[in-house]
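Please read this report with the sequence and the 3D view side by side.

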Amino acid sequence: MKPGNKARTHLFLASYPASRGEITLALRVAYDLHEQGDRIVFLICESDTKILFGKPFEVVAIDSLMLDNYLTKLVQSFDADSLILVDLLSNSLWLLYLNDGKWFFEQDLVPVLALDIHDIAYQKLF
């Protein structure tokens, strides 16, 4: 980290179980940010936490959380500078299935970014 720069905190949200390929991509981004001195926290399904074993990142299992009820608390408790959706398509479909995800449109606490946008304009969802 350059002198005078504040370390930032990035929350990586992997809400969909078994998003292994997308998590691999997110790890590359997370390592780049970590090397700059930033703090990385993965909000991830319990079944995927093994992927992060031994990595220099914090992990929060989110399986039983209704995210709309907890994201504000998580963003505030980690003093997050960004929330990164590990995979836009699978996060969106999973949250739609759970009838969750309104938080992203109603909040103004943190910028939300997305990784691995898979031709979403041409994706036939249903």
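Two residues are said to be in contact when heavy atoms of theirs lie within 4.5 Å. On that basis, among contacts in the protein between residues at least 6 apart in sequence, 74% join residues that are at least 24 apart. The model is a predicted one, and every value below is computed from it.

**The chain as a whole**

The protein has four helices and five strands, and from the N terminus on these elements follow one another in the order β-α-β-β-α-β-α-α-β. Of the 126 residues in the protein, 40% are buried.

**Helix α1**

Helix α1 spans residues 20-35, and its 16 residues reach 22 Å from the first C-alpha to the last, which is close to the 22 Å expected at 1.5 Å a residue. Which residues of α1 are buried? They are Ile23, Ala26, Leu27, Ala30 and Leu33. Because these residues cover an arc of only 130° around the axis, they sit on the same side of α1. The other side of the helix carries Gly21, Arg28 and Glu35, which are exposed. The buried residues of α1 pack against three strands, namely β1 (9-14), β2 (39-44) and β4 (82-85). Just after α1, Gly37 takes a positive phi of about 100°.

Just after α3, Asn99 takes a positive phi of about 55°.

Is Leu98 buried, partly exposed or exposed? Its relative accessibility is 31%, so Leu98 counts as partly exposed. Together with Met66 and Tyr97, Leu98 makes a nonpolar surface patch of about 310 Å².

**Lys6 and Asp81**

Lys6 lies in the segment before β1, whereas Asp81 lies in the loop between α2 (67-77) and β4. With a relative accessible area of 55%, Lys6 is exposed, while Asp81, at 29%, is partly exposed. Leaving aside its neighbours within four places in sequence, Asp81 is in contact with Lys6, Ala7, Arg8, Thr9, Val110 and Pro111.

The table lists, for each of these two residues, one C-alpha separation from a residue elsewhere along the chain.

| Residue pair | Separation along the chain | C-alpha to C-alpha distance |
|---|---|---|
| Asp81 and Ala7 | 74 residues | 9.5 Å |
| Lys6 and Asp38 | 32 residues | 8.4 Å |

Ala7, listed in the table with Asp81, is also one of the residues in contact with Asp81.

Notes
Residues are numbered from 1 along each chain as its sequence is written. This is a predicted model: local features need pLDDT of at least 70, side-chain atom pairs count only at pLDDT 80 or more; totals for chains, interfaces and linings use all residues. Side-chain values use heavy atoms; hydrogens and water are left out. Patches are made of residues with over 30% relative accessible area and no salt bridge: like charges are joined within 9 Å, nonpolar side chains (Val, Leu, Ile, Met, Phe, Trp, Tyr) within 5 Å. Accessible areas come from the Shrake-Rupley method with a 1.4 Å probe; for residues, only the protein chains shown count as cover. A salt bridge is a side-chain nitrogen of Lys or Arg within 4 Å of a carboxyl oxygen of Asp or Glu. Buried means under 20% relative accessible area, exposed over 50%, partly exposed in between (1.4 Å probe, protein chains only). Helices (H or I, at least four residues) and strands (E, at least two) are DSSP runs, numbered from the N terminus. The expected span of a helix is 1.5 Å times one less than its number of residues. The arc is that of the directions from the helix axis to the C-beta atoms.
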